[in-house]
Amino acid sequence: MSIKSCVGDPTSGAQLHGLAVSSGLLSFSNVSNSLINMYSKSALPRPARALFEEMRAPDTDSALEFASRMHRRGVPFDAVTFTAALSASSRPNALHSLATKCGVVGSNAFVGNALISMYARCGDLEAAVRAFDGMAARDSVSWNALISALAREGDYGCEAMRVFVRMTREASVRLNHVAFVSAISACGDGGCLEFGRQLHGLATKTGVVASRDAVSNTLMSMYSKCGSAELALRVFDEAKDRNVVSWTTAISINGEDPVSLFNGMRSDGVEPNEVTFVALLSALSGNPSSSEVKMIHGTCLKTGFFPGNVNVSNSLISAYARFEAAMEDSRRVFDEMGDDDREIISWNALISGYAQNGMHEKALETYSSLLLHSIPTSSTLGSVLGAIAAAEAISVARGRQCHARAVKSGLESHPVVSGALVNMYSKRGSIGESRKVFDGTSERTLVAWTSIIAAHARHGDYGPVTGLFREMVQSGLRPDPVTFLVALIACGQSGVVDEGRRILNSMERDHGIKPEREHYACMVDMLGRAGQLDEAEELIREMPMEPGRSALQSLLGACRIHGEVEMGRRAAEALMKMEPKESGAYVLMSNMYAEKGEWEKVAGIRRRMRDRAVKKEVGFSWVDVGGGGMHGFSSEDKSHPQTEEI
């Protein structure tokens with residue numbers, strides 16, 4: 001208010017200006033804006049303009065107020081004035097119109113460049129392109145500004161590449177690293193590997209790869225996004241100056257030995273940052289032990305990135321959670337985070353770890369604790385529903401509670417949640433509820449389709465399976481190996497061998513997916529059930545890989561059903577050689593000999609079991625009694641307290 005009262009009294013205004021400088025109040029944009037307004041209304045454009053240009057963060061009000069005051073006072077605008085105003089404004093139309101009236105838009109590159117940047121900042125890329133096309137004279141900044149603006153938006157990546165090509169053909173400007181970084185980045189986002197390689201060659205020829213680490217880093221990222229890790233690491237090996245971004249990118253790409261790269265980075269004197277540790281922990285996803293995670297954990301402690309850094313802590317929780325034996329370490333990291341530091345990501349990582357490692361009760365306990373501190377997300381509910389689906393000892397009532405929570409929070413139709421609900425209900429015997437969720441889902445993902453197909457197959461309702469499979473393909477979704485596996489299992493159970501052959505043959509022919517052991521095993525099972533044992537054994541011999549346990553077990557089971565003792569013996573011998581301690585093959589073969597009355601061979605099988613210390617596994621079942629919870633039992637089991645009543 002004091003500054004406002006000084007309009008027409010520049011001496012007092014200047015004194016207040018000095019006081020604002022000495023007290024530090026000039027750093028507040030509202031104070032600077034008031035001073036600009038005072039100088040403008042007092043017909044003093046020069047101090048107003050000087051103050052505007054000195055502002056660290058001029059906002060829209062500063063720019064437009066200053067520009068409008070000058071215009072109303074009749075003070076002529078020059079290119080510098082427009083450039084400064086445009087650089088701060090987020091309301092472009094008025095300034096653009098004024099600049100056009102003053103005749104500085106087409107003729108001045110500074111103003112044109114500012115217009116391009118301003119429209120890009122506002123998300124109006126079509127206007128940015130029009131501003132570029134309307135320029136009579138363009139410099140390297142003009143081209144770079146447009147390419148950079150287009151590259152930042154995923155839908156305009158191809159246009160960014162076209163503008164880059166146009167620049168190389170039409171413009172007399174010298175190509176610099178800024179243009180290359182933007183164009184190469186657009187190639188990575190668009191998956192344009194071949195054009196990216198051409199840009200790499202041109203960048204090498206012009207010398208920007210050797211002189212600018214930003215270009216090398218962007219090339220690495222581009223090759224990685226295009227699925228060519230080998231080329232990405234070759235760029236890294238050839239780079240002369242490697243900074244923390246270079247090393248971190250290489251670590252995130254190299255899934256074979258990221259720890260060696262990390263050690264090389266430290267030996268090279270480059271200090272890791274938060275992103276480095278997150279990338280390193282993520283790159284260890286295929287490691288079979290947790291020892292390297294512990295080593296990285298220790299390094300995080302020494303370098304001060306743990307505890308205290310939320311992203312690193314979350315990554316440690318997820319890294320430990322990949323190993324069942326390390327779940328206590330995962331929980332310890334979670335507990336060492338402060339209550340204020342824990343994000344929903346932290347909770348989700350821990351719950352997911354418990355669920356994936358079969359610790360289903362722990363997953364539900366952690367979920368219950370989460371509800372006291374945070375709001376569950378789709379990922380939370382997906383993990384919890386997965387745990388309920390996989391755990392026989394947890395009542396389906398818990399799943400219905402999660403379903404109610406999903407409905408209440410508006411997440412029921414989320415693809416992750418709806419797919420998990422379909423799967424949970426189907427695995428717990430509620431095919432009707434499973435189908436109801438699926439039919440009510442507007443955005444059906446591959447997971448949802450696979451789950452509902454599996455649900456019908458699991459419950460012996462094979463009729464709808466092939467129809468659902470065709471409907472899914474017709475909807476535009478490409479089936480994955482799991483979907484094919486479920487469809488083949490359903491065909492085998494329902495005895496439609498010709499349909500099964502058609503689906504198996506379509507995998508590689510129509511969808512580019514090579515059948516795996518499990519798919520062949522399903523076909524063997526299908527042929528065996530149909531009594532086509534010779535064809536089933538021939539398929540095992542012709543498999544492009546060594547037959548797995550499932551295929552041999554399926555053939556052996558079919559041999560027992562159809563009384564093919566000799567073929568069954570061959571399958572059983574192969575199984576015993578593969579898994580000498582597993583009882584299944586011994587028992588089936590013994591039963592086959594017993595059915596034929598060949599008791600000496602039965603005794604021989606039992607002798608081999610004793611000699612190899614093979615024990616028959618005990619079957620175990622669960623009964624859900626509603627409010628009474630879940631009860632487990634096995635054959636001749638007397639452990640239940642109500643055994644007599646049962």
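What share of the 646 residues in the chain is buried? Buried residues make up 45% of them. The model is predicted. Its secondary structure comes to 37 helices and two strands. The chain exposes about 32,500 Å², and carbon and sulfur atoms supply 50% of that area.

**Overall contacts**

- Take the contacts between residues at least 6 apart in sequence: 57% of them join residues at least 24 apart.
- A search of the whole structure finds 18 salt bridges.
- The structure holds zero disulfides.

**Helix α9**

- Helix α9 covers residues 140-152.
- At 1.5 Å a residue, its 13 residues should span 18 Å. The end C-alpha atoms are 18 Å apart, which agrees with that expectation.
- Of the 13 residues of α9, 10 are buried, so the helix is largely enclosed by the rest of the structure.
- The buried residues are S142, W143, N144, A145, L146, I147, S148, A149, L150 and A151.
- Their cover includes four helices: α7 (109-121), α8 (125-133), α10 (157-170) and α11 (177-190).
- D139 caps the N-terminal end of α9. One of its side-chain oxygens lies 3.1 Å from the backbone nitrogen of V141.

- S426 is found in helix α26, residues 415-427.
- Its relative accessibility is 0%, so S426 counts as buried.
- Leaving aside residues up to four places away in sequence, S426 touches S434, S451, A455, R458 and H459.
- S426 and H456 are 30 residues apart along the chain, and their C-alpha atoms are separated by 8.0 Å.

**Cysteines**

- The cut-off for a disulfide is 2.5 Å.
- C192 is partly exposed, with a relative accessible area of 22%.
- For C226, the closest cysteine sulfur is in C192, at 7.0 Å, again too far for a bond.
- C226 is buried, with a relative accessible area of 18%. The limit for buried is under 20%.

- R400 forms a salt bridge with E433, and the closest N and O atoms are 3.0 Å apart.
- R400 lies in helix α25 (residues 396-408) and E433 in helix α27 (residues 431-439), so this pair ties together parts that are 33 residues apart in sequence.
- R400 counts as partly exposed at 36% relative accessibility. E433 counts as partly exposed at 26%.
- R501 and E535 meet through their side chains in a salt bridge, 3.0 Å from N to O.
- R501 lies in helix α31 (residues 497-511) and E535 in helix α33 (residues 533-542), so the pair ties together parts that are 34 residues apart in sequence.
- R501 counts as partly exposed at 25% relative accessibility. E535 counts as partly exposed at 34%.

- The side chains of R541 and E538 meet in a salt bridge, 2.8 Å from N to O.
- Both residues lie in helix α33, three residues apart, about one turn of the helix.
- Is R541 buried or exposed? R541 is exposed, with a relative accessible area of 54%. E538 is partly exposed, at 31%.
- A network of salt bridges links E537, E538, R541 and R570.

Notes
Residues numbered from 1 in each chain as written. Predicted model: local features only at pLDDT ≥ 70, side-chain atom pairs only at ≥ 80, totals over all residues. Heavy atoms only, no water. Expected span 1.5 Å × (residues − 1). Buried < 20%, exposed > 50% of the residue type's maximum accessible area, 1.4 Å probe, protein only. Contact = heavy atoms within 4.5 Å. Polar contact = N/O pair within 3.5 Å; in protein donor to acceptor, adjacent residues only side chain to side chain. Areas by Shrake-Rupley, 256 points an atom, 1.4 Å probe, with all protein chains shown as cover. Salt bridge = Lys/Arg side-chain N within 4 Å of Asp/Glu carboxyl O.
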